[in-house]
Amino acid sequence: MVPFIGQAATALSDCAWLDGKRARAYARILLAVTLIGAIGWIALSPGGLDREGKPIGTDFVGFYAASHLTLDGSPELAYDVGAHWAAQKALFGPKLGYTAFFYPPPALLVSLPLALAPYFWSLAGWLAMTGYAFYRVLRCYLPSLGPVAFLAFPAVFVNAAHGQNGFLSAALIGGGLLAMESRPGLAGVLFGAMAFKPHLALVIPFALIFARRWTTLIVAAATAAAFSAASLAAFGAPTWDGFLADSQFARSALENNLVGDEKMQSVFAAVRLLHGSLALAWGAQIATALCVVAALWRLERRAFRASAESAAIVCAGLLASPFLLDYDLTLIAIPLVWLLREGLRTGFLPFEKALLALAFVLPLISRSLAGAVGLPLAPLILAAIFALTMRRALTRAPGSARPAAPDINSKMHLSPALEQ
């Protein structure tokens, strides 16, 4: 038994078996299985409702109904549960369960045109446009990224199956991180646009302050303020009043397991899933947020504006938010790409390839493991990826050349090994 454990540990430590050829083959197999499952799921959804009575696109019905109410001249009703639910039932029948709209009024500006097209055409267009934006951003980080590898990433399927906005938030945050060095104003605009989903951008202002990126910080604040003012002018004060009242419902949904702790990927949800008290869950979440912000401060003190900055900010943001779902794990692609590049450039650390592979499939397995056996895997993996990123950033030899950061305006030239 002991020799077997030793052999298994060695296999996981170096993962010599996980080379480029096998990785590409596994990606093709995973994509094929995903496509077969998706086609079967759609084929078994007569009238657009799956076997559980949920519409194809699941959460998209909430955005679509909010758009419908706004276009009808009643945007404040997007935050009225009865009216919002009635608009959803009008689409898919009286037995449809409720899908909440917890987003601030700037999100209504994003959702506004959705109901101009029939539901399924709108869903397809939404996923195609936001998904392509996300793909283009990742291609800036890794130009050799092909469509197969991108589509095989489980977070892509999870977000598409929910009809969610994970592609959009990842494109905005990832694009902003790309542009910080060469186009700080554009980076600020992209970060400011996250006013539609601010809980995923909690650590960005701190990171900008620590890195003394004043232009980006000022433009981001001005953009967020302008976005909010535009929603106020377009939809009126009652809409903001409705959102503020509805925010209490959002907190109740988080604290009372209305969303489902197994669906959530945060430290808060992990503590609750393990039967911790509400006070303990909030305490652990706040402590985690403080720790990751402190880590970002240390990163800038030890390695100012290092190449790891973007990956560290993304990891810290995911760990800091209490309201995090599996479709939001589209963002984990950014630190995974950075760690992959560094591993191919300088060699992989022990267990690093195994952890990258586990993080890659995390969006596919995290909800199932949490629901089936009560194991909240996501915070552990996110913390491990963050620790790996910090380790690589802080142990770089003094005086070593800093790799050029990806430029949103130019194609990176990679070594032949990295291209493969």
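1. Start with helices H8 and H18, which are oblique to each other (angles under 35 degrees count as roughly parallel, over 145 as roughly antiparallel, 65 to 115 as roughly perpendicular and the rest as oblique). The axes of H8 (residues 154-162) and H18 come within 6 Å and cross at roughly 50°. Those axes are lines fitted to C-alpha atoms, for helices over the stretch in contact, with angles running from 0 to 180 degrees between N-to-C directions. Helices here are DSSP runs (H or I, at least four residues), numbered from the N terminus.

2. Before going on, keep in mind that this is a predicted model: local features need pLDDT of at least 70 and side-chain atom pairs count only at pLDDT 80 or more, while totals for chains, interfaces and linings use all residues. Residues are numbered from 1 along each chain as its sequence is written, and side-chain values use heavy atoms, with hydrogens and water left out.

3. Back to that helix pair. Which residues in H8 meet H18? They are Pro154, Ala155, Val158 and His162, and on the H18 side you'll find Phe360, Val361, Pro363, Leu364 and Arg367 (contact means heavy atoms within 4.5 Å). By class, this contact of H8 with H18 has seven nonpolar, one polar and one charged residues. For that tally, Ala, Val, Leu, Ile, Met, Phe, Trp, Tyr, Cys and Pro count as nonpolar, Asp, Glu, Lys and Arg as charged, and the others, Gly among them, as polar.

4. Now the charged pairs. Side chains of opposite charge can pair when their charged atoms come close. A salt bridge is counted when a side-chain nitrogen of Lys or Arg is within 4 Å of a carboxyl oxygen of Asp or Glu, and by this rule the count comes to eight salt bridges. One of them joins Asp328 and Lys197, with the closest N and O atoms 2.7 Å apart. Asp328 sits in the loop between helix H16 (309-320) and helix H17 (333-346), and Lys197 in the loop between helix H10 (184-192) and helix H11 (204-210), so the pair ties together parts that are 131 residues apart in sequence. Asp328 counts as buried at 1% relative accessibility, and Lys197 is buried with a relative accessible area of 1%. For reference, buried means under 20% relative accessible area, exposed over 50%, and partly exposed in between (1.4 Å probe, protein chains only).

5. Glu352 is buried at 0% relative accessibility, and Arg392 is buried at 10%.

6. With 14 residues, H17 reaches 20 Å from its first C-alpha to its last, close to the 20 Å expected at 1.5 Å a residue (the expected span is 1.5 Å times one less than the number of residues). In H17, 10 of the 14 residues are buried, so the helix is largely enclosed by the rest of the structure. Among them are Ile334, Leu336, Val337, Trp338 and Leu339, along with Arg341 and Glu342. Just after H17, Gly347 takes a positive phi of about 100°.

7. Val373, in H18, is exposed at 60% relative accessible area; Val373 and Glu262 are 111 residues apart in sequence and 9.9 Å apart in space, C-alpha to C-alpha. Ser228, in H12 (residues 214-235), is partly exposed at 22%. Ser228 and Ala107 are 121 residues apart in sequence, with 9.4 Å between them, C-alpha to C-alpha. Ser228 also touches Pro106 and Trp240, not counting residues up to four places away in sequence.

Methods
Helix = DSSP H or I, 4+ residues; strand = E, 2+ residues; numbered from the N terminus.
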